[in-house]
Structure formats: structure tokens, C-alpha cells
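Please read it alongside the sequence and the coordinates.

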2 protein chains.
Amino acid sequence: MDSAEIVAKLQGHDRRTVARLISLVEDGADDLADVIRAITPLQRGAAVVGLTGSPGVGKSTLASALVGAVRAKGKTVSVLAVDPTSPFTGGALLGDRLRMQEHATDSGVFIRSMATRGRLGGLAWATSHALRILDAAGSDVIIVETVGAGQSEVEVAHAADTTVVVLAPGLGDAIQANKAGILEIADIFVVNKADKDESRSTVRDIRQMLHLGAEREWQPPVLSTVADQGSGIDEVWEAIEQHRAFLEESGELRRRRLSRAANEISEIAVTSMRRQMGTVSEGAVLDELSAQVVEGKIDPYAAADKLLAQVGR
Amino acid sequence: MDSAEIVAKLQGHDRRTVARLISLVEDGADDLADVIRAITPLQRGAAVVGLTGSPGVGKSTLASALVGAVRAKGKTVSVLAVDPTSPFTGGALLGDRLRMQEHATDSGVFIRSMATRGRLGGLAWATSHALRILDAAGSDVIIVETVGAGQSEVEVAHAADTTVVVLAPGLGDAIQANKAGILEIADIFVVNKADKDESRSTVRDIRQMLHLGAEREWQPPVLSTVADQGSGIDEVWEAIEQHRAFLEESGELRRRRLSRAANEISEIAVTSMRRQMGTVSEGAVLDELSAQVVEGKIDPYAAADKLLAQVGR
């Protein structure tokens, strides 16, 4: 498919093309630069909502319920489920995509899992590319769901305008949130499975921890849901819209998008460097340097300097 | 401390110096290049054993027991517990360091947790630096323990000569192992908590999965331990030594170390590029490029090319 064809297909919201392009991202394909270049004029600035939390808290169920809430407003929505823990197997690994089945026949909804095979770019690189593709294909809202795991949560938060942290009742998770620095990335907290007894104390714990933190312009609300019964969902969507209004009025939206673009540019630059170093490696420069390092003849920093010099730069 | 002093302290196996240098690694300190350069002549080629598996399988208990087995052979040993999931809090996060207390007064044992704050280099970068420091300080054996989480397990496997994958009884974990590509990185499997009923079927499941895989020069053994009772530990250490003999005889040890050095050099080169891009950013080049990308005036690939051109490369 050439660039003009890709652009035409995305303008026609062609789902198979979107799926194919995201597969290219997963593979770290060489021709992605051309694709991204071609679709940049289609950029619309979709609202990106990050959804993160430990496995089992009900992220997928909440995502599915939010899709319903977004559709009820007449907007189109994509869900991108990023699995940062599976570099090898690839493809759709989050087994609970089934919960999304209710939206399968809705042409205003696009759902896709993405494994990052880590071939070249990392999670941040892959996520930013996939967001560009979904945005260009006309999604008004993009929900990025990730498996909670420290650094990857932070990377997804960097990609999102609004980050929703999902917790399940029980003190453990709240402490966990504190430990992993989640307080610093959350714009909205959702305590799901709020029909459980401990949910009140979980909500209280999070509010207390927020209270102890630094004063902020935006005070993250702590909401309760029972996602599989649809309870509390509209309130979550409302909070997301309120946060978006705050982002726009305060100028924070532009700041976040600038910082996202800066990350994106750096990641692409680094990936390009890695590619070039790979090429140099075929030319045996890296092999020779590695042998010298293994033998203790030079230190790895000296080797890195020599490698960079060889990259023709 | 200047370089000559650091070298002298490491030659004297000074533990406080080792601890301080690893803190520098955690911080991604600027003067690490000088430290690594200075200690390269001390390089001894310690045996690096990676220990990975899900939380709760008993990795720390097994590590502690292995420390005892190594010491019984008259060798010195370090344990480096890498926590890839905690970019923020830093310091010693693995709560169960207490289990290592029995070795606290043994001068032939050094134990240290390392959080990767992800400031500059990633997990691979930090691990390779810490291994160099522990090696230079005279450890015969270095056990690298990591919290199992996909990509990070793979990165630790790249750093180790021998990778031990620890599982607990129950089919889930065995399937998990298959899913996460663990079969491809394991040199030795240990089913810990083997006093549990399901342990036999877990051992059988893993053997079956191994049987289905490609034929290999080294067939990973599947061993059983009850680490908190010290049962099965000597067999694990014996398997590690057998694997090491295999590595040496087959030439695989040199191949692994060459590949490790190549990774290390590339990571240092990439980190150096990131640093330079950061400097460019202060010069507002990246800011300007980011604004153009946010406004859709240029695509991020064109921006990355311009950034790399500015980095004088």
C-alpha cells in the first residue's frame, strides 16, 4: 500500500488498514517513517485517556463501560490495550478482550491489543506511533489501557492527556500506588468493585495520601465504580471531561502535548541511532569493540565513543 | 573520591565504596564514565547468575540459600536485587532483604538492592554498570535477582551467564512461563516450594514444554527445592556449575560475554546521545521542534532528523 492509499483508507476510517498499520508498529517495521510522514496532515488531536492499574482491578471492564459512555455522547472511540510484559509472543495477549464484545459491531468503536516486541523502539515509541494512527483514522477519544508495571505506567501516562488510575478495594493496592509513584501520575482515581466492603477505606486511604502530597492546581478526584454493573461510569466520564477543560484552560494541555512531542522526537532519534549502530555492527565494528571490552583492553565508555564516531556522525 | 582512591578501595574489597558506587549508578551520575574507566583494569570475570520469577515464588529465599552454598565452596558472592518496577522511590524496595540477614556479618557476602530511577540509562545500562563494580570489588559469583516482568527478565538474562527461572507449584505459572518467552531465556528451572502437592505436575508441565521446543545443545534441567528448608539447594548450585562448564567448553561463554559487551556499548552510546539531546533541548532546539510537531507543521521523523543534525552528528 502506498502513502496516498493509506491516507485515503484512514480518511475512510478503514479498520483493516488501522489494524495493519498497528501491526507494523508492533513489528518495528522499516517503512513506518513514511507512514507517519504521510498521515501527519490528518492529525486531529484526539483526547487520549490513559487507564492503568494492577491486573485484576477491572480495567478492561471499565474501559468497555467508558466506551459506552463516550458513544452515548455521539463520539467515536478507540481502545488500545498495551501489553508491555510480553516481548515475545506478540499479538492479542490480554485474554479479556471478550468483555469488549458488546462493541464489536459498532463502527464507531475500534479495539486493538498491542504487544511491544521491543525489537527497536520501546513502549513509548510504539505507543506514540499507534496514537498517531488512531488519531489520523478519526477517533475522537483514544483510551490507552496498560498492564500496571511501574515504568510502563509512567510511560503510558506520558502519552495520555488524562491518566485514570484504577484500584480495587483493599489497602494493599493503595500502598502499592504510593510506592510506585502512581500518585504523581494520576489525574483521576477510580476504585472499582466498590460493592466490596473495603472500598470505603480504600477511597479514604487514597484521599489521605493525596492530602499529604503537594498542593496542586488540579486535585485528582477519587471515584467509585462497579464497572460490570455500569455503576459510576458516567461520573468517571464527567471527571475526564472536567479534567480536559482544566487542561485546556490552564494551558496544561499544550504543555503536555509539547512534552509528548519532545519525547516522541527523542525516541525516534534514539531508535534511528540504534538502527545505524546495528548497521555498523554488521560491518564488524561493534564486534571488534565488544571483543576489546571483554578482554579488558578498553573500557565500555571508550568503546561507545568509538562506535558513535563510526556511525558517521 | 578520585579514581586512584576508588581503585584502592575496591582492591581492598571496601563495602562502603561498593555501596556508594552503586548509588551513583542508581542516580545515573555524570562521573560514572570516569569510575568505569578507572576500574576496568580490575576486571576479573565473575560468574553472573540471574535469578528471575514472579513475586512470591521465593527468589530471595533461594538467593540466600545459594549464597550459603557458594560460601561453603570458599567463594565470595554478591547479590544484586534489581527492582525494575519502581522508578520513583529508589533505594531498597524489596522488603524481604531481611531473609538475607543470616549473611549480614559475613565479609565474603555483599547484598544490595538497586532501583532504576530511569533518569538516563535503563535497566540494562544500570545492571551492566553494577556488575562491573561488583566484579571489580572481587566477587567470585554475582547473583542478580529481579522481579519477573517480561522485558526486564529478558534484560537481566542478557546480563547473566546463567539464568535460573524460579517457579512455584501450580499450572498457572508454567503457562505464564511459556507465554512470557521464559522458556527461551532459562538455563535452569527451579520449582520452589516443592513440598506442595502440585509441584510434581508443575515439574512435569515444564519438562513437557521443553520437550516441545527446539532441540538445544544445553538441555535446561528442571529442579525442585524447598528453599526455606535448604532442601535441593546443592543440586541447584551443581547445575549452575555444570552449566558454566558447558558455557566454557562450547565457547558459548565468550559468545554471551561478547553479546553482553555489545549491548553495553550500545546502551552507553545511546545514553550519551540522550544526554546530548538534553543539552540541545536546553538550547530550545527540541522545544521548537516539539511545537512544530504539535501543530502538525512537520512530522516527528523529520523533527528527529533535525535534532540529530543539531547534535553535531
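Which residues point one way from strand β6 (residues 188-191) of chain B, and which the other way?

## Strand β6 of chain B

Ile188(B) and Val190(B) point one way from β6(B), while Phe189(B) and Val191(B) point the other way, and all are buried, where buried means under 20% relative accessible area, exposed over 50% and partly exposed in between, with a 1.4 Å probe and protein chains only. Helices (H or I, at least four residues) and strands (E, at least two) are DSSP runs numbered from the N terminus.

## Basis of the model

This is a predicted model, in which local features need pLDDT of at least 70 and side-chain atom pairs count only at pLDDT 80 or more, whereas totals for chains, interfaces and linings use all residues. Residues are numbered from 1 along each chain as its sequence is written, chains are lettered from A and ligands numbered from 1 in the order in which they are written, and side-chain values use heavy atoms, with hydrogens and water left out.

## Strand pairing and crossover

Strand β5 (residues 162-167) of chain B pairs with β6(B) in the parallel sense over 4 bridges, pairing being assigned if DSSP finds at least two bridges between two strands; within β6(B), Val191(B) is the bridge partner of Leu167(B). Strand β7 (residues 222-224) of chain B also runs parallel to β6(B), joined to it by 3 bridges, and Ser224(B) in β7(B) is the bridge partner of Val191(B). From β6(B) the chain crosses through helix α9 (residues 199-212) of chain B to β7(B), and this β-α-β crossover is right-handed, that is, with the strands pointing away from the viewer, the path from the first strand over the helix to the second runs clockwise.

## Helix α2 in both chains

In chain B, helix α2 (residues 15-27) has 13 residues and reaches 19 Å from its first C-alpha to its last, close to the 18 Å expected at 1.5 Å a residue, a span defined as 1.5 Å times one less than the number of residues. Its buried residues are Thr17(B), Val18(B), Leu21(B), Ile22(B), Val25(B) and Glu26(B), and α2(B) is followed by Gly28(B), whose phi is positive, near 60°.

In chain A, Leu21(A) lies in helix α2 (residues 15-27) and counts as buried because its relative accessibility is 4%. Leaving aside neighbours within four places in sequence, Leu21(A) is in contact (heavy atoms within 4.5 Å) with Ile6(A), Leu10(A), Val35(A) and Ile133(A).
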